Amino acid sequence: RFSIFCERLCSTEDCIPGTGTYLRHGYIFASLTGYVLRKNEGEELPVISVVRETETQLLPDVGAIVTCKVTSINPRFAKVHILYVGSTPLKDRFRGTIRKEDVRATEKDKVETYKSFRPGDIVLAKVISLGDVQSNYLLTTAENELGVVVAHSEAGAQMVPISWCEMQCPRTHAKEFRKVARVQPEYLQA
């Protein structure tokens, strides 16, 4: 979000002051006008900073809708690269993890990762926990609007969703399991 000079950002009980901020009476204030960044840097509390527009590096934040590409799967989770936050492409590469219990909202114990995602799939997900240099962002697809938006069949064709859990190859008519997103119009541009 955007902040103006001298704006009170948060309490020192909630954040650690970073660049572009100062402390006064137990609160952190913006020492310049710019964008507010919160980042967990291995500390118990997030570091809050304010940077000018030219210095801004968009970061995935908790609650953000992100577009990512599945890089690998195993029985417990899918690994992804986060490509966009909303419709804004990221300059740096951020890694994410979608655990099997975060794939869908119901029948979590019956989720099979390989029936939800495949490497190469493009997925809409929501950030549920911030990452840092050593760890990945934790993501969820446990909403109807989240899940696989683009997938290719073994024949190389872009598959078409036929239900919330299946996609079909238009060439071979073979069906494959996926956690399919019910895409909302505002996400189609991304």
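Is Tyr22 buried, partly exposed or exposed? Tyr22 is partly exposed, with a relative accessible area of 25%; buried means under 20%, exposed over 50% and partly exposed in between, with a 1.4 Å probe and protein chains only. The model is predicted: local features need pLDDT of at least 70, side-chain atom pairs count only at pLDDT 80 or more, and totals for chains, interfaces and linings use all residues. Residues are numbered from 1 along each chain as its sequence is written, and side-chain values use heavy atoms, with hydrogens and water left out.

**Aromatic pairs**

- Rings of Phe, Tyr and Trp (its six-membered ring) pair if their centres lie within 6.5 Å; planes under 30 degrees apart count as stacked, over 60 as edge-to-face and the rest as tilted.
- The count by this rule is two aromatic pairs.
- Tyr22 and Phe29 are stacked, because their ring centres are 5.5 Å apart and their planes lie at 15°.
- Phe29 counts as buried, at 14% relative accessibility.
- Phe94 and Tyr137 have ring centres 5.8 Å apart and planes at 85°, so this pair is edge-to-face.
- The pair links distant parts of the chain, 43 residues apart: Phe94 is in strand β10 (residues 88-99) and Tyr137 in strand β12 (residues 137-140).
- Strands (E, at least two residues) and helices (H or I, at least four) are DSSP runs, numbered from the N terminus.
- Both Phe94 and Tyr137 are buried.

**Charges over rings**

- A charge sits over a ring if NZ of Lys or CZ of Arg is within 6 Å of the ring centre and within 35 degrees of the ring normal.
- Arg8 lies over the face of Tyr27, 4.0 Å from the ring centre.
- Lys115 has its charged end over the ring of Phe177, at 4.9 Å from the centre.

- Cys169 is in the loop between β15 (166-168) and β16 (175-177).
- Cys169 is buried, with a relative accessible area of 1%.
- From C-alpha to C-alpha, Cys169 and His152 are 7.7 Å apart in space, and they are 17 residues apart in sequence.
- Leaving out residues up to four places away in sequence, Cys169 touches Ser153, Ala155, Ala157, Met159 and Ala174; contact means heavy atoms within 4.5 Å.

**Partners of strand β8**

- Two strands pair if DSSP finds at least two bridges between them.
- Strand β8 (residues 65-73) pairs with strand β11 (residues 122-129) in the antiparallel sense over five bridges.
- Thr67 stands opposite Leu124 in β11.
- β8 also pairs with strand β9 (residues 77-85), in the antiparallel sense over seven bridges.
- Cys68 stands opposite Ile82 in β9.
- Three residues lie between β8 and β9, which form a hairpin.
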